[in-house]
Amino acid sequence: MPKILFAAEPALWPKYEGHLFHWLSEAGIAAELAPDLGPPEEIDYIVYSPGSDVQDFTPYTRLKAVLNLWAGVENVTGNETLKVPLARMVDGGLTEGMVEWVVGHVLRHHLDIDHVLAHQDGRWVPKVPPLARHRPVTVLGLGALGAACAQALAALNFPVTGWSRSAREVAGVTCLSDPGGLEQALARAEILVLLLPLTPGTESLLNAAHLDQLHPGAILLNPGRGALIDDDALLAALDSGQIAHATLDTFRTEPLPPEHPFWTHPRVTVTPHIASATRAETAAQVVVENIRRGEAGLPFLHLVDRDRGY
Ligand code: NAP
């Protein structure tokens with residue numbers, strides 16, 4: 001009988017408990033599962049969030065895998081005590097939420113909804129927005145989230161370009177990779193969406209030089225990670241008008257400190273890391289599928305390449 005430690009913030013346990021036991025039962029797995037399971041050397045799997053108390057995996061000598069509840073793993077990949085496979089979260093609910101956030105904010109800017117709301121003043125001044133087919137969007141990162149967002153935008157007729165590390169094919173999307181792909185992808189973008197993981201290769205990717213390559217007056221959406229952007233370079237680009245608006249969901253320091261200039265900048269929208277969340281009802285099934293695979297000797301899904309950093 002596998003022993004599964006739920007090592008995450010205590011508030012998450014009541015949300016996950018019922019769903020995890022349900023899917024374990026559906027998979028025919030009799031398991032012990034709890035946030036406190038006795039000796040670490042008896043634990044087979046850890047359902048994990050980097051905010052948990054477990055930071056040293058050394059005592060978990062029987063561990064088969066760590067199953068991360070979050071999609072981003074930048075706070076786990078550097079943990080030298082973690083020697084077993086690490087799976088990250090790829091969850092249908094998480095993807096759905098991200099698609100809705102990205103499409104919603106793209107449409108806000110595309111349709112200039114802020115302007116509409118600011119002009120409810122009795123004056124009849126028609127300002128017809130362009131069609132989506134005339135508004136190029138670029139998505140940096142074509143993984144589980146980026147590809148789904150790119151496809152949803154393409155389905156609305158936006159000309160969508162995507163960029164990834166390796167060459168990808170996403171139906172309806174112009175897919176680019178390096179060499180040269182990033183520059184082309186940026187040059188096309190009237191709206192840029194960042195859905196890259198934070199790794200040594202992506203940190204501060206959006207620096208002054210890359211911001212300068214965007215279409216003048218571009219819109220930036222960052223639901224990826226705050227440190228993908230050089231904050232000072234972004235503020236300068238906002239002040240010069242090179243970036244017309246930035247809608248930011250993720251930040252170098254979270255919560256975003258009250259004194260940070262993003263809070264008061266007239267062309268910045270701050271959302272508090274809510275673009276999407278792992279949903280217990282769908283994520284529990286993903287976690288249990290990996291436990292089923294572990295017990296059956298099958299390869300785990302959604303494994304993190306620790307050298308690559310995602
Ligand atoms: P993923 O499936 O791992 O996809 C990552 C994508 O980025 C892949 O296409 C990958 O290229 C590309 N990439 C990575 N490093 C690169 C580099 N150096 N140059 C070019 N492309 C690179 O990740 P995901 O599930 O889509 O999630 C993306 C990120 O979203 C997460 O890491 C997390 O930071 C963020 N996120 C945010 C929220 C929120 O609420 N704000 C929620 C969930 C996730 P390849 O295709 O070649 O591998």
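A: Strand S4 (65-68) and helix H8 (280-296) each supply at least two residues of the lining of the largest cavity. Helices (H or I, at least four residues) and strands (E, at least two) are DSSP runs, numbered from the N terminus. This is a predicted model, where local features need pLDDT of at least 70, side-chain atom pairs count only at pLDDT 80 or more, and totals for chains, interfaces and linings use all residues. Residues are numbered from 1 along each chain as its sequence is written, and side-chain values use heavy atoms, with hydrogens and water left out.

Q: What counts as a cavity or a pocket?
A: On a 1 Å grid over the protein atoms alone, a cavity is a set of points where a 1.4 Å probe fits but cannot get out. A pocket is an open set with protein on both sides within 12 Å along at least five of seven lines. Lining residues have an atom within 4 Å of a point.

Q: Which residues line the largest cavity?
A: Leu67, Asn68, Ala87, Arg88, Met89, Val286, Val287 and Asn290. H8 gives the largest share, three residues. By class, the lining has five nonpolar, two polar and one charged. Ala, Val, Leu, Ile, Met, Phe, Trp, Tyr, Cys and Pro count as nonpolar, Asp, Glu, Lys and Arg as charged, and the others, Gly among them, as polar.

Q: And what is its volume?
A: About 50 Å³. A volume is the space filled by probe spheres set on the grid points, which are joined across faces, edges and corners.

Q: New topic. At what angle do H2 and H4 pack?
A: Helix H2 (residues 92-110) and helix H4 (residues 144-155) pack at about 45°, with axes 9 Å apart. Axes are lines fitted to C-alpha atoms, for helices over the stretch in contact, and angles run from 0 to 180 degrees between N-to-C directions. So H2 is oblique to H4. Under 35 degrees is roughly parallel, over 145 roughly antiparallel, 65 to 115 roughly perpendicular, and the rest oblique.

Q: Which residues of H2 meet H4 there?
A: Leu94, Thr95, Met98, Val99, Val102, Val103 and Val106 in H2 are in contact (heavy atoms within 4.5 Å). Their partners in H4 are Ala144, Leu145, Ala148, Cys149, Ala152 and Leu153. The contact has 12 nonpolar residues, one polar and no charged.
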